[in-house]
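Dear colleague,

Please find below the structure that I am handing over to you. My notes on it follow directly after.

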Amino acid sequence: HTLNNDKTKQTQALDEAGYWLAAQLKGKLNVTRFENEILAFERADKTETYTNNAILVTGSSFVRLWKNIKQDLAPHEIIHRGFGGSTVAEMAYYIPQILGKHQPKAVVIYTGSNDLADSPLDKTPLQILETYKVVVKNIRAKLPNAAIYWIAISPNERRWGVQDKILEANALLKNYCES
């Protein structure tokens, strides 16, 4: 499609397509900054056991730093798998390893706020949505019947400058989840 020969629209479409493609090419992404945390999950998976009634909660630092998550979400059985200050692309890359051997009844995800940090590396709301679709695809490949919950990107002081993008991303993700 020509996108009305509008160079700005064409460039944005190519950028978004390229970002989506990059998320598909896992081995080509430079997302190894959390490799040690993911390896720690794999080590824990060798000794920890959970029932198929468990809920796996994963995401960026908001989840990683939630130290009393098991008490807060009791009586649910929680598999706590937050890592670093991760992005949606890193979640797409690592979700198969995060799921590991587990067969939880649900997966709860909080990611995206680090993709909207008012920096030149920010992703567009549409890029976040397209990459989140990869996360869902990777979960569905292993857990076709598990419920998947997205925790909306939350506003905070450091993100006031991109509040409009946060609201747009959350709206896109909400519509996708509802579909």
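**Contact between H2 and H5**

Helix H2 meets helix H5 through Glu-35, Ile-38, Phe-41, Glu-42 and Asp-45 on the H2 side, and through Tyr-94, Gln-97 and Ile-98 on the H5 side. Of the residues in this contact, four are nonpolar, one is polar and three are charged. Please note that the model is a predicted one.

Two packed helices are described by the angle between their axes and the distance between the axes. For H2 (residues 35–47) and H5, the angle is about 20° and the axes lie 9 Å apart. Because angles under 35 degrees count as roughly parallel, H2 is roughly parallel to H5. The crossing of these two helices is left-handed.

**Helix H5 itself**

H5 covers residues 88–99, and its twelve residues should span 16 Å at 1.5 Å a residue; the C-alpha atoms at its ends are 16 Å apart, in agreement with that value. Nine of the twelve residues are buried, and H5 is therefore largely enclosed by the rest of the structure. The buried residues are Val-88, Ala-89, Glu-90, Met-91, Ala-92, Tyr-94, Ile-95, Ile-98 and Leu-99. Just after H5, Gly-100 adopts a positive phi of about 50°.

**A cis peptide bond**

Between Ala-74 and Pro-75 the peptide bond is cis, with omega near 15°. Pro-75 belongs to the loop that runs between helix H4 (69–72) and strand S2 (78–82).

With kind regards

Notes: Residues numbered from 1 in each chain as written. Predicted model: local features only at pLDDT ≥ 70, side-chain atom pairs only at ≥ 80, totals over all residues. Heavy atoms only, no water. Helix = DSSP H or I, 4+ residues; strand = E, 2+ residues; numbered from the N terminus. Expected span 1.5 Å × (residues − 1). Buried < 20%, exposed > 50% of the residue type's maximum accessible area, 1.4 Å probe, protein only. Axes fitted to C-alpha atoms, helices over the stretch in contact; angles between N-to-C directions. Parallel < 35°, antiparallel > 145°, perpendicular 65-115°, else oblique. Left-handed = near helix turned anticlockwise from the far one by under 90°. Contact = heavy atoms within 4.5 Å. Nonpolar A, V, L, I, M, F, W, Y, C, P; charged D, E, K, R; others polar.
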